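Here is the note you asked for on this model. Please read it with the structure open.

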Amino acid sequence: MQIDPADRGGVSIYRLMSGLIVPRPIAFISTVDRHGTRNLAPFSYSMAVTESPPVHAVSISGKATGYKDTLNNIREMGEYVVNVVSEEIGAAMNETAADCPPEIDEFEVAGLTAAPSDRISAPRVAESPASLECRLLEIRQFGDPADGASVVFGEIVLFHIRDDLLDAEGYVDLLNLRPLGRLSGSLYCRTTDHLSYTRPGAGG
């Protein structure tokens, strides 16, 4: 079977991409607007870009009424926090996926605790095992706000990680981190069943 994206609508292509590009890390993003209203929402089109400087990227889709609150806050304040979603806070994360009005504090909706960040004004999720404080570098727009997406590039200016999750060599203990991965539809996956392969020589 071959599928030409030009022959399909956006919903069909989304189902294909979200079902084939798996599993995806969940960027649980916390922001704040200029009035101090907090926002918290999950996004699964996210990735690490480079480590020098440390850059994170997340795609934030549009909606019929314009840009999402998360993107509006990032544009306005130039900063955000990416909180890792562990199994323990998966259900709370899911609560924040609802389309709430801008004045609603999703920390309160999900029953999560807002902890102060050190270098930016946006709060962290205290219950998250790790959080990345980010400053905005660039936003690239693809398509229009209603059915396109904005890709946000941010530099990680500070890592927060639970003390027991980092070993002496700087590796993260994934079995204790227990991050969730995003699949398609309402499906998520655990990341506690691991395989290991010997790495071949460096390639390009």
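Predicted model: local features only at pLDDT ≥ 70, side-chain atom pairs only at ≥ 80, totals over all residues.

1. Sheet order. Seven strands form an open sheet. The order across it is β3-β2-β6-β9-β10-β5-β4, and the pairing is antiparallel. Two strands sit at the edges: β3, residues 38-43, and β4, residues 46-51. Each of these pairs on one side only.

2. The β2-β6 pair. Strand β2 covers residues 27-32 and strand β6 covers residues 79-83. The two run antiparallel, and three bridges join them. For a landmark, take Ile-29: Val-82 in β6 stands opposite.

3. Helix α2. Residues 69-77 form helix α2, which packs on the sheet. The strands that α2 touches are β2, β3, β5 (54-61), β6, β9 (130-142) and β10 (149-161). The direction of α2 makes about 55° with that of β2.

4. Largest pocket: extent and centre. How much space lies in the largest pocket? The volume is about 1,000 Å³. The lining of this pocket counts 33 residues. Nearest its centre lie Tyr-14, Phe-43, Ser-61, Gly-62 and Lys-68.

5. Largest pocket: sources of the lining. Which element gives the most? That is β3, with five residues. Recall that β3 is also an edge strand of the sheet, and that helix α2 packs on that sheet.

6. By class, the lining of the largest pocket has 17 nonpolar residues, nine polar and seven charged.

7. Second largest pocket: extent and centre. About 810 Å³ of space lies here. The lining has 32 residues. Closest to the centre are Pro-25, Ala-48, Val-84, Leu-132 and Leu-177.

8. Second largest pocket: sources of the lining. Strands β1 (24-25), β4, β5, β6, β9, β10 and β11 (180-182) each give two or more residues, as does α5 (174-177). The largest share comes from β4, with five residues. Strand β4 is the other edge strand of the sheet.

How values were computed: Residues numbered from 1 in each chain as written. Heavy atoms only, no water. Pairing = 2+ DSSP bridges. Helix = DSSP H or I, 4+ residues; strand = E, 2+ residues; numbered from the N terminus. Contact = heavy atoms within 4.5 Å. Axes fitted to C-alpha atoms, helices over the stretch in contact; angles between N-to-C directions. 1 Å grid on protein atoms, 1.4 Å probe; cavity = no way out; pocket = protein on both sides within 12 Å on 5 of 7 lines; lining within 4 Å. Points joined across faces, edges and corners; volume = space filled by probe spheres on them. Nonpolar A, V, L, I, M, F, W, Y, C, P; charged D, E, K, R; others polar.
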